[in-house]
Amino acid sequence: MSIVFHNDPFTPFDRQPVITHDSPSISSGFRRSTPIPDSYLPTAVDAARLRVGARPLDLEQWVSTPDDDWAPTHAMKTSLLHERREEVVAFQDNAHDACVEAANGILQSIGEAPSINSGIDALVDAALHVADDLCILMPDGNGIPRLAAAVLCSPNRWRLAGKLGGTMMDIHQPVARYGDDLQSPVDAVMMRLSPQRPLARLNWGISNHPALFQPDTPPVTPNMDIGDMWFRVDWHTLRRLPMSGGALFTIRTYVEKMSDFMLRDYAVVHDIADLINKIPENVAQYKSIAPYRDRVFEYLSGR
């Protein structure tokens with residue numbers, strides 16, 4: 001595993017950013033990404049345990065709202081699909097129709113024509129029109145949803161090839177306390193999911209690397225300045241596909257440098273500091289916070 005530490009969210013974690021006259025050097029700054037929307041930040045109720053936290057989603061909102069990150073995210077996706085397709089695209093034959101159904105639903109929702117391609121290539125078409133990653137879940141012979149196809153360009157320390165065909169439990173390993181806190185609620189969410197009731201939720205953590213494409217865990221950097229670390233949020237949506245019987249699971253990733261996060265409203269920063277201080281140790285380990293918890297708390301509380 002090769003890790004290259006840099007400050008560009010849109011460069012893979014194992015590549016050195018390409019410096020041009022339009023982008024700052026690594027020593028002089030970093031490419032600033034879109035701030036995490038306030039509505040996507042974790043709240044105090046996330047401190048006690050992991051939770052699904054699913055909320056209703058507007059019927060037309062298949063994907064995240066366009067912002068300044070769409071262009072660099074599109075460029076990143078295009079590069080990954082051209083150079084590393086086997087790492088970011090995977091599918092099983094039973095997902096063929098669901099890929100087309102999901103792709104055309106997304107394209108229609110953003111005012112684009114249906115894809116001229118079929119199967120996974122249609123899903124790739126749709127993924128290149130949005131900033132979100134697109135994953136297809138299909139029921140097995142027992143009705144259990146399994147990951148059957150995906151275009152995943154912003155993995156948060158997991159590899160797509162190892163999750164294909166997995167159940168929700170498999171996909172979420174090694175999430176701390178998944179069996180205790182999440183398995184039953186997730187199963188309940190999947191049972192009641194319908195085309196007319198899409199849902200959204202979020203996952204969050206602290207990272208010592210900004211790369212959106214981060215399939216492996218970088219080594220711990222105990223002496224790293226906390227201001228140079230990153231707050232990372234994955235915004236998920238989930239919607240049943242009525243014709244194929246599958247479900248579309250989307251992931252939109254936001255990262256914000258901690259020094260920028262400190263410029264937010266005092267109450268927001270204070271609440272996140274309190275949350276980080278209170279989460280259980282195994283959850284802190286899963287979220288990559290544990291090695292830095294005390295220093296992060298001091299940094300956010302010392303404003």
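Trainee: Arginine 157, buried or exposed?
Mentor: Arginine 157 is buried, at a relative accessible area of 18%. Buried means under 20% relative accessible area, exposed over 50%, and partly exposed in between, with a 1.4 Å probe and protein chains only.

Trainee: What kind of model am I looking at?
Mentor: This is a predicted model: local features need pLDDT of at least 70 and side-chain atom pairs count only at pLDDT 80 or more, while totals for chains, interfaces and linings use all residues. Residues are numbered from 1 along each chain as its sequence is written, and side-chain values use heavy atoms, with hydrogens and water left out.

Trainee: OK, back to arginine 157. Where does it lie?
Mentor: Arginine 157 lies in the loop between E4 and helix H5 (160-163). Helices (H or I, at least four residues) and strands (E, at least two) are DSSP runs, numbered from the N terminus.

Trainee: And what about the phi of arginine 157?
Mentor: The phi of arginine 157 is positive, about 65°, although this residue is not a glycine. Look at serine 288 too: its phi is near 65°, again positive in a residue other than glycine. Serine 288 lies in the loop between helix H10 (281-286) and helix H11 (293-301), and it is buried at 18% relative accessible area.

Trainee: New topic. How many helices and strands does the chain have?
Mentor: There are 11 helices and 7 strands in the chain. Of its 303 residues, 54% are buried.

Trainee: Let's take H1. What span should its 14 residues have?
Mentor: At 1.5 Å a residue, helix H1 (residues 70-83) should span 20 Å, and its end C-alpha atoms are 20 Å apart, which agrees. The expected span is 1.5 Å times one less than the number of residues.

Trainee: Which residues of H1 are buried?
Mentor: Trp70, Pro72, Thr73, Met76, Lys77, Leu80 and Leu81. Seen down the axis of H1, the buried residues fall within an arc of 165°, so they line one face of the helix. That arc is taken over the directions from the helix axis to the C-beta atoms.

Trainee: Why would residues three or four places apart point the same way?
Mentor: An α-helix has 3.6 residues a turn, so residues with that spacing point the same way. On the other side of H1, Ala71 and His82 are exposed.

Trainee: What covers the buried residues of H1?
Mentor: The cover includes helix H4 (119-127), strand E3 (133-139), strand E4 (145-151) and strand E7 (247-257). Contact here means heavy atoms within 4.5 Å.

Trainee: And what covers the buried residues of H3?
Mentor: For H3, the cover includes H4, E3, E4 and E7. Buried residues in H3 (residues 96-109) include Ala98, Glu101 and Leu107. H3 is followed by glycine 111, whose phi is positive, near 80°.

Trainee: What does serine 115 touch?
Mentor: Not counting residues up to four places away in sequence, serine 115 touches Asn104, Leu107, Ala122 and Asp125. Serine 115 is in the loop between H3 and H4 and is buried at 14% relative accessible area.

Trainee: Which backbone nitrogen does the side chain of serine 115 reach?
Mentor: That of asparagine 117, at 3.0 Å. A polar contact is a pair of N or O atoms within 3.5 Å; within protein, one must be able to donate a hydrogen and the other to accept it, and residues adjacent in sequence count only if both atoms are side-chain atoms.

Trainee: Switching to arginine 239. Which strand is it in?
Mentor: Arginine 239 is in strand E6 (residues 230-240), buried at 13% relative accessible area. A polar atom of its side chain lies 3.1 Å from the backbone oxygen of proline 195.

Trainee: Which cavity does Arg239 line?
Mentor: Arg239 lines the second largest cavity, along with Leu57, Gln61, Trp62, Thr237 and Leu248. The volume of that cavity is about 30 Å³. A cavity is a set of points on a 1 Å grid over the protein atoms alone where a 1.4 Å probe fits but cannot get out, and lining residues have an atom within 4 Å of a point. Grid points are joined across faces, edges and corners, and a volume is the space filled by probe spheres set on the points.

Trainee: Last one. Proline 242, buried or exposed?
Mentor: Proline 242 counts as exposed, at 57% relative accessibility. It sits in the loop between E6 and E7. Leaving aside neighbours within four places in sequence, proline 242 is in contact with Glu101 and Pro195.

How values were computed: On a 1 Å grid over the protein atoms alone, a cavity is a set of points where a 1.4 Å probe fits but cannot get out, and a pocket is an open set with protein on both sides within 12 Å along at least five of seven lines; lining residues have an atom within 4 Å of a point.
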